[in-house]
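I opened the model to see how its two chains meet. These are my notes, in the order I looked things up.

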Amino acid sequence: MSHDHDHDNELDPFAARVRALETILTRKGLIEPAAIDVIVDTYETKIGPRNGAKVVAKAWSDPDYADWLKRDATAAIESLSYTGRQGEHMQAVFNTEETHNLVVCTLCSCYPWSVLGLPPVWYKAPPYRSRAVIDPRGVLEEFGLTLPASTKIRVWDSTAELRYLVVSMRPAGTEGWSEERLAELVSRDAMIGTALAREPQQTRRPA
Amino acid sequence: MSRPNGTAADLPAGVDAPVFAEPWQAEAFAMTVALHDRGLFSWGEWAAALSAEVKKPGAAADGHDYYEHWLAALESLLASKGLAAKPDVDAMARAWERAAHATPHGKPILLENDPHAAR
């Protein structure tokens with residue numbers, strides 16, 4: 001890749017290949033450049049872990065919803081208008097005192113886009129993909145999460161057809177909180193399983 | 001139970017490094033979603049193609065080359081489906097590179113600027 005700024009424009013080889021594909025596919029009528037821009041904008045700005053946080057907060061607040069989420073996460077999540085584009089099924093896995101859940105995709109980078117947006121870089125990188133299964137406790141410690149030895153760690157390996165959402169335990173001291181406020185406690189990492197829900201004193205409340 | 005105190009775990013929801021480091025990554029991603037939406041391949045086929053690329057030796061441990069694998073997977077899937085043959089993509093990519101060179105700095109790069117363009 002050239003970083004010479006003295007002369008005319010330069011496309012790096014990857015950018016040139018992407019433009020080549022776009023040109024070929026557009027000429028064949030298989031894609032429309034405007035539609036491509038809409039997809040980019042949607043994933044950059046509209047879909048993100050806020051969606052999943054609302055699902056978790058609703059499950060904390062509404063036992064019927066939690067039960068539905070346990071039995072049929074795909075439908076329970078779709079009822080909030082978060083629909084997967086790849087026809088994938090969702091499974092919600094609930095943390096308890098006995099069992100902590102951790103999600104990985106050892107195959108590639110399958111991820112619940114509809115509720116979490118696009119995955120963080122580390123989720124897609126080889127060390128996490130290989131080590132989450134072999135040494136989940138060690139991986140969690142690197143994320144700053146040390147679980148009691150008595151807590152089992154269950155690792156869920158995502159596929160193109162089935163993606164997972166981790167439902168953290170509701171933090172103590174949040175009785176009577178609105179779903180909106182509860183959702184602020186739910187980070188993306190908590191829904192992958194590399195963190196717990198935040199404690200109430202960790203959130204910054206707008207004045 | 002101990003509390004998370006690592007850097008990754010402390011990120012507020014929705015705040016992270018940009019999803020795409022460069023525009024071409026976003027375009028490669030969005031093309032894949034659009035082509036799948038049109039039914040040109042199943043998501044299982046896509047996952048298999050991407051998996052084949054990311055498990056090749058030499059993938060960066062920090063994942064910075066993830067979209068390079070993504071692009072390679074897209075190219076191989078499109079080639080296998082007869083939608084974009086590799087020689088055609090190679091030739092078109094060279095045309096775009098020539099067009100970029102021929103475009104004065106600060107002007108949009110257009111394929112028509114390729115001096116070899118056959119019209």
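How many residues of chain A are in contact with how many residues of chain B? I count 60 residues of chain A in contact with 57 residues of chain B, a contact being two C-beta atoms, placed from the backbone, within 7 Å.

Conventions first. The model is predicted, so I take local features only at pLDDT of at least 70 and side-chain atom pairs only at pLDDT 80 or more, while totals for chains, interfaces and linings use all residues. Residues are numbered from 1 along each chain as its sequence is written, and chains are lettered from A and ligands numbered from 1 in the order in which they are written.

Entry: the side of chain A that touches chain B. I find that α1 (13-27), α2, α3 (49-61), α7 (121-124), α8 (126-134) and α11 (188-192) of chain A each supply at least two of its residues. Helices here are DSSP runs (H or I, at least four residues) and strands are runs of E (at least two), numbered from the N terminus. The largest share, 12 residues, comes from α1(A). By type I get 35 nonpolar, 10 polar and 15 charged residues. Nonpolar covers Ala, Val, Leu, Ile, Met, Phe, Trp, Tyr, Cys and Pro, charged covers Asp, Glu, Lys and Arg, and the others, Gly among them, are polar.

Entry: chain B. I read four helices and zero strands. Of its 119 residues, 37% are buried (20 or more other C-beta atoms within 10 Å of the residue's own; exposed means 12 or fewer, partly exposed in between; C-beta atoms placed from the backbone).

Entry: α2(A). This helix, residues 33-46, spans 19 Å from first C-alpha to last, close to the 20 Å expected at 1.5 Å a residue (1.5 Å times one less than the number of residues). I list Ile36(A), Ile39(A), Val40(A) and Tyr43(A) as buried.

Entry: I get axes of α2(A) and α1(B) that come within 9 Å and cross at roughly 110° (lines fitted to C-alpha atoms over the stretch in contact, angles from 0 to 180 degrees between N-to-C directions). That makes α2(A) roughly perpendicular to α1(B), the class for 65 to 115 degrees. Ala35(A), Ile36(A), Ile39(A) and Val40(A) meet Ala26(B), Glu27(B), Ala30(B), Met31(B), Val33(B) and Ala34(B).

Technical notes
Angles under 35 degrees count as roughly parallel, over 145 as roughly antiparallel, 65 to 115 as roughly perpendicular and the rest as oblique.
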